[in-house]
Amino acid sequence: SNRTFTMIKPDAMKNGHAGAILDRIIKEGFRIVALKQTKLSAEKAGEFYAVHKERPFYGELVSFMSSGIIIAAILEKENAVASFRKLIGATNPAQAEEGTIRKLFATSLGENAVHGSDSDENAAIEGSFFFSGLEQF
Ligand code: ATP
């Protein structure tokens, strides 16, 4: 598939980086298929990250992801999932390559500015968590 799903997380929103992050994504050749600003309830954040529910950081992750406004978007580009994960860099910004979105804008391992789907299958699941078919262009 040529689509991936992203969120600009509450830290990046609060720190005023949303515009710069979207600008970078567009300049890297991703087309915006769908986009919205929203806020996750703790329940919805828990559902989104259910795959991590046995991990020690799950509570912290759910609390952080429901702590403020986010932007959710579906993006399109050839090889979208891998290409986007390269653009955002390693989960831990301290290990992210120079020039990646997490290196530039993330706060910490937990508060790491952006999400990017890790497979085509999850990109489709995550995209439909936020957007109906009628909202995707
Ligand atoms: P994402 O799914 O957000 O794109 P990822 O695939 O790089 O991130 P995962 O290992 O799937 O990373 O972890 C999901 C999210 O959980 C991370 O982006 C980060 O916000 C948080 N997280 C991961 N590991 C830790 C940790 N050790 N402590 C706190 N938060 C963590």
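UniProt, in an unreviewed entry, lists Lys 9, Phe 57, Arg 85, Thr 91, Arg 102 and Asn 112 under "binding site". UniProt positions follow the numbering used here, feature names are shortened, and annotations may be inferred rather than shown by experiment. The model is predicted: local features need pLDDT of at least 70, side-chain atom pairs count only at pLDDT 80 or more, and totals for chains, interfaces and linings use all residues. Residues are numbered from 1 along each chain as its sequence is written.

**Ligand shell**

The residues around the ligand are Phe 57, Glu 60, Leu 61, Thr 91, Leu 109, Gly 110, Asn 112, His 115, Gly 116 and Asp 118. A residue is near a molecule if its C-beta atom, placed from the backbone, lies within 6 Å of it. Three of the shell residues are nonpolar, five polar and two charged. Here Ala, Val, Leu, Ile, Met, Phe, Trp, Tyr, Cys and Pro count as nonpolar, Asp, Glu, Lys and Arg as charged, and the others, Gly among them, as polar. Helix 4 (58-65) and strand 4 (114-116) each supply at least two shell residues. Helices (H or I, at least four residues) and strands (E, at least two) are DSSP runs, numbered from the N terminus.

**Two listed positions**

Thr 91 sits in the loop between helix 5 and helix 6. Leaving aside neighbours within four places in sequence, Thr 91 is in contact with Leu 109 and Asn 112. Contact requires C-beta atoms, placed from the backbone, within 7 Å. Arg 102 belongs to helix 6. Beyond four places in sequence, Arg 102 touches residues including Pro 93, Asn 112 and Ala 113.

**Burial**

A residue is buried if 20 or more other C-beta atoms lie within 10 Å of its own, exposed if 12 or fewer, and partly exposed in between; C-beta atoms are placed from the backbone.

| Residue | C-beta neighbours within 10 Å | Class |
|---|---|---|
| Arg 102 | 24 | buried |
| Asn 79 | 11 | exposed |
| Ala 113 | 28 | buried |

**Positive phi**

Asn 79 is not a glycine, yet its phi is near 55°. Asn 79 lies in the loop between strand 3 (69-76) and helix 5 (80-88). Ala 113, also no glycine, has a positive phi of about 70°. The loop between helix 6 (101-105) and strand 4 holds Ala 113.

**Helix 7**

In helix 7 (residues 120-130), Ala 123, Glu 126, Gly 127 and Phe 130 are buried. Seen down the axis, these residues fall within an arc of 100°, so they line one face of the helix. The arc is that of the directions from the helix axis to the C-beta atoms. The buried residues pack against strand 1 (3-8), strand 2 (31-39), strand 3 and helix 5.

Methods: Contact = placed C-beta atoms within 7 Å.
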